[in-house]
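Hi everyone, thanks for coming. Please bring up the model on your screens, and we'll walk through it together.

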Amino acid sequence: MNMEAESLQTVFDSAFADMREAREGFTPQLAPREVGTITSIATGIAKVSGLPGVGFDELVQFPGDVLGIAFNVDADEIGVVLLGEYWHLQAGDEVQRTGRVMDVAVGEGLLGRVIDPLGRPLDGKGALAAGERLPIERPAAPIMDRAPVTVPLQTGLKVIDALIPIGRGQRELILGDRQTGKSAIAIDTILNQRGKDILCIYCAIGQRASAVAKAVATLREKGAMDYTVLVVTEGNDPPGLAFIAPYAATSIAEHFMEAGRDVLIVYDDLTHHARAYRELSLLLRRPPGREAFPGDIFYIHARLLERATHLRPELGGGSLTALPVIETEAQNISAYIPTNLISITDGQIYLSPSLFELGVLPAVDVGKSVSRVGGKAQRAAYRAVAGDLKLAYAQFEELETFARFGARLDENTRKVIEHGRRIRACLKQPEFAPASVPAQIAILLALTAELFDTVPLEQMTDAEHAVHEAAANIPAGVCARFETADKLSDEDRKTIVDIARKALAGFQPKPEPKPEPKPGPGVEVKGEARPEAKAGTKPDGEPKPAGPKQIEPGNETTGEHHANSDQHRP
């Protein structure tokens, strides 16, 4: 017993000696901690005092783990944009500095997930598997780090890929009135990237929850969530979340771009973003300018879209293509925010409500749409047909106005109009049905070869579908040249046109049967009675001599009667 007690006492003595040594070697670290208080709180913003060392864009923490961004840094107080539910906050609550700026989780673990701008999952699939974070506000790539835009980004929409091409690294604005199909074009473009090694980021800014749910359901149904990240703020979220959403989505996209990947990002839409920033600025007492927007509204969109680029091969050669969406009111593309974004981006796709009402979907107005990169980012196979197509379509739209008024048209003008109607019919495309490159080339070559001109308009949909299916018969060697910079040879064009001609053979109108020659006078036809002589003709077919014209009752006011009466008037 004594031996056991002595050994136990030795263990205790050794443990206490180690604890004494650790206690004596510990030096408490005293760090100053700034704690402020809320002086007032309003919709989405808070005024805070007592944080003299806070910096611009620094995160501050409120009770209940609510974060905010220091926006106005004044001598006496700071204006903070709140990034969460703030109903429980009140004046006098404590506020702490965090010492860091707003950042977001990035990485492969975000693919297939639906998150908010703070990186919190919204899809109920558990925590995000992301080991790295990046600030949401980052400087754009310098000019010397950028490469020219030369590789096309196929949208799968014939009217865009042929007439308004988009390149990887380009910024192409989609604008139009509400409910004209802007989001549908963006979703179709994402669906078309399947199997093309392009990652997609869809940023929904202030959208209705039903619209976001529909977009998520469509992407899941079509198998596009495997390469897509959704960053979502809904209409009932605080305006601060809507403001930071596109910057957070862009940082997620930049992480993939800097790793050498090609990325497509959709901002849907920047109208809500501008309105959220206007709301925050007015509440923070910033001076209003045109349409009550603050003076730096151009800058917030310019610094966002300037981050889209194509990097040099030495930096990985990745690209970030931006498709911002903007909503116009009553087709007013010269309003403040649309003109700002038109001047920032490299072109715009304008959707016309009148075309939408006529059933021309997608309702792209080719005359008002433009790509400032254009043919530089288009395959040679498209360039061979796109020029003639755009010219023919522009001529058709000019002449169509005259045709509506019933003007007499010569044969050449009528031919141009009929050809233009076939172009418009071929450029129609159902939603969520992107077309492959071989199918598009086959249809466009058939159009330029005027193979559709003899197809009745009511059969154009079936005829185009037949050419679409026949494109699968294009030889693999020819299809391989579609993806290169090589021009199509005359032999290639002939092969494709022949395939399209065979597909359209069943849609050509049947020739009308020639009328049989009528028998001459005096020749009796068996089985037919000789027609009776009409009133006013003699039996031998000669007309009766016309007698004096009898004026029927009620027709006394005919022009002829007036003319005769004028002769006898004294």
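I'll start with the sheet, then turn to the cores, and finish with some backbone details.

A quick word on the source: this is a predicted model, where local features need pLDDT of at least 70, side-chain atom pairs count only at pLDDT 80 or more, and totals for chains, interfaces and linings use all residues. Residues are numbered from 1 along each chain as its sequence is written, and side-chain values use heavy atoms, leaving out hydrogens and water.

Helices (H or I, at least four residues) and strands (E, at least two) are DSSP runs, numbered from the N terminus, and two strands pair if DSSP finds at least two bridges between them. With that, we have an open sheet of 8 strands, in the order β8-β12-β11-β13-β14-β10-β15-β16, with mixed pairing. β8 (114–115) and β16 (370–371) are the edges: each has a single partner strand, so one side of each lacks a neighbour in the sheet.

Let's look at β13, residues 262–268. β13 runs parallel to β11 (residues 198–207), with 7 bridges, and parallel to β14, with 6 bridges. Follow V266: its bridge partner is Y202 on one strand and L323 in β14.

Is β13 buried or exposed? Buried means under 20% relative accessible area, exposed over 50%, and partly exposed in between, using a 1.4 Å probe and protein chains only. By that rule, 7 of the 7 residues in β13 are buried. D262, L264, V266 and D268 point one way, while V263, I265 and Y267 point the other.

Now the cores. A nonpolar core is a set of buried Ala, Val, Leu, Ile, Met, Phe, Trp, Tyr and Cys residues joined through side-chain atoms within 4.5 Å. The largest one here has 141 residues, and I201 and F452 have the most contacts inside it. Helix α5 (residues 239–258) gives the most to this core, with 12 residues. There is also a second, separate core of 14 residues, including L51 and V66.

Finally, the backbone. Most residues other than glycine have a negative phi, and most peptide bonds are trans.

As for phi, D57 has a positive value of about 70° and is buried, at 19% relative accessible area. E450 has a positive phi near 60°, but counts as partly exposed at 37%.
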